[in-house]
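Okay, thanks for coming, everyone. I'd like to walk you through some helix packing today, so let me put the model up.

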Number of protein chains: 2
Amino acid sequence: MPEQPDPQAIIDLLGVLAYGELSAFDRMAGDARMAPTVASRAALSQMAAVELGHYGRLTARIAELGADPQQAMAPFVAAVETFHARTEPRSWGEALVKAYVGDGLAADFYREVAEYVDASTRELVAEALADVDRTAFAIGEVRSLIDADPTAAARLSLWARRLMGEAISQTQHVAAERDALAMLIVGGAGDLSGVAKLIKRITDKHVARMTAIGLSN
Amino acid sequence: MPEQPDPQAIIDLLGVLAYGELSAFDRMAGDARMAPTVASRAALSQMAAVELGHYGRLTARIAELGADPQQAMAPFVAAVETFHARTEPRSWGEALVKAYVGDGLAADFYREVAEYVDASTRELVAEALADVDRTAFAIGEVRSLIDADPTAAARLSLWARRLMGEAISQTQHVAAERDALAMLIVGGAGDLSGVAKLIKRITDKHVARMTAIGLSN
């Protein structure tokens with residue numbers, strides 16, 4: 001692990017997380033309209049508002065580090081938008097699974113990178129991770145959907161695999177284009193086989209989350 | 001002014017405000033995607049998140065009063081959705097003017113009804129009104145748009161009139177269907193000529209806001 005991570009890598013990291021959160025906010029807010037009840041719509045909306053709170057803290061940290069948040073996010077807009085364009089939920093179940101999978105992956109990513117960054121950034125990451133209860137709602141709703149219609153499990157499992165595939169695909173694009181960010185992760189992970197191990201850890205956690213929600217991988 | 005307002009009227013009032021706020025949340029969150037910069041997108045998103053906060057407080061108050069928030073909102077879903085379906089912004093300028101006009105009308109409505117309700121509800125209304133700075137952003141942005149393209153003023157003025165027309169039209173539908181709510185407002189205003197005066201006050205304030213933002217009425 002490098003003692004002093006490349007400052008550009010930290011800015012990149014905060015930039016991609018910030019744009020990811022802002023984008024998650026409005027996608028989730030829109031998806032919430034598919035909810036069967038006003039209460040469940042409000043619950044997904046609340047998850048969205050939490051993402052916007054993270055966005056605010058991430059961009060504040062970018063500015064604190066002397067960088068421009070807009071410029072920091074710019075390199076990642078295309079990848080994040082492509083991910084969302086390819087994974088537009090067409091049902092409430094798909095919206096819930098996307099919120100759950102996306103939230104889980106974001107949390108894993110926050111946790112992994114927290115190891116490689118400076119103490120202040122690590123604190124911010126810990127704050128973002130403190131919002132732990134926000135997936136409980138999605139888990140309960142998906143389980144109810146599957147109880148009501150067992151054929152939904154296979155469809156939503158396929159959907160979750162597609163989400164994971166698109167997420168990995170866009171992450172690879174980003175890593176290929178952003179040297180400093182890739183080096184931060186490679187540096188932190190030790191070497192290229194460390195990166196493979198990181199992907200393995202994140203994939204394993206995804207599988208565990210799928211099981212928890214009643215879906216297969 | 002009646003000493004004891006009809007409890008059903010208070011529930012109606014909180015219900016229509018709650019659904020209005022929830023609906024404003026996701027409409028505004030979606031409209032934010034039209035922003036020319038990530039910073040302005042985040043600013044409109046932040047306005048949306050504030051609405052969701054109000055929604056949370058309003059539904060909590062409905063529950064405190066022993067009513068079911070979902071049932072309280074149900075009678076007003078159609079009117080609110082019709083309003084939004086007929087006023088979908090097609091540009092960033094329209095989105096901003098809608099946020100500004102909608103927010104201003106909501107604030108006026110909160111202020112008017114605060115006069116007629118119990119002390120606890122009045123406190124909640126005051127809290128909602130405390131978020132005063134959220135229109136400053138919209139005012140600044142609309143003024144810049146008009147400075148950059150003076151022909152935008154006429155188009156956006158027309159748009160603001162349409163928004164006001166649709167808002168009045170849907171309010172009339174609601175008042176016609178919800179006796180208790182209509183009586184609360186009529187009761188508070190004194191009589192039917194009081195209602196006309198109320199509409200006049202709200203219209204006057206709308207005109208003042210239009211002038212403030214550089215639009216004509």
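This is a predicted model: local features need pLDDT of at least 70, side-chain atom pairs count only at pLDDT 80 or more; totals for chains, interfaces and linings use all residues.

Before anything else, one definition: the axes I'll quote are lines fitted to C-alpha atoms, for helices over the stretch in contact, and angles run from 0 to 180 degrees between N-to-C directions. Helices here are DSSP runs (H or I, at least four residues; strands are E, at least two), numbered from the N terminus.

Residues are numbered from 1 along each chain as its sequence is written, chains are lettered from A and ligands numbered from 1 in the order in which they are written, and side-chain values use heavy atoms, with hydrogens and water left out.

So, chain A. Helix 2 of chain A, residues 38–64, packs against helix 6 of chain A at about 175°, and the axes are 10 Å apart. That angle makes the two roughly antiparallel (over 145 degrees; under 35 is roughly parallel, 65 to 115 roughly perpendicular, and the rest oblique). Who makes the contact, meaning heavy atoms within 4.5 Å? On helix 2 of chain A we have A:H54, A:R57, A:L58 and A:R61, and on helix 6 of chain A there are A:S120, A:T121, A:L124, A:E127 and A:A128. By type, that contact has three nonpolar, three polar and three charged residues. For the record, Ala, Val, Leu, Ile, Met, Phe, Trp, Tyr, Cys and Pro count as nonpolar, Asp, Glu, Lys and Arg as charged, and the others, Gly among them, as polar.

Let's zoom in on A:T121, which sits in helix 6 of chain A, residues 119–129. Is A:T121 buried or exposed? It's buried, at a relative accessible area of 0% (buried is under 20%, exposed over 50%, partly exposed in between, with a 1.4 Å probe and protein chains only). Setting aside neighbours within four places in sequence, A:T121 contacts A:I10, A:L14 and A:R61. Its C-alpha is 8.9 Å from that of A:L58, though they're 63 residues apart along the chain.

Next pair: helix 1 of chain A (residues 7–31) and helix 4 of chain A (residues 77–86) pack at about 30°, axes 10 Å apart. So these two are roughly parallel. The contact residues include A:Y19 and A:R27 from helix 1 of chain A, with A:V80 and A:H84 among those from helix 4 of chain A.

Over to chain B. Helix 5 of chain B, residues 92–114, reaches 32 Å from first C-alpha to last, close to the 33 Å expected (1.5 Å times one less than its number of residues). Of its 23 residues, 19 are buried. Its axis comes within 11 Å of that of helix 1 of chain B (residues 7–31), crossing at roughly 165°, so the pair is roughly antiparallel. Among the contact residues are B:L13 and B:L17 of helix 1 of chain B, and B:W92 and B:F109 of helix 5 of chain B. This contact has nine nonpolar, no polar and two charged residues.

Last stop: B:S40, found in helix 2 of chain B, residues 38–64. B:S40 is buried, with a relative accessible area of 3%. Not counting residues up to four places away in sequence, B:S40 touches B:A35, B:W92, B:F137 and B:E141.

Terms used: Contact means heavy atoms within 4.5 Å.
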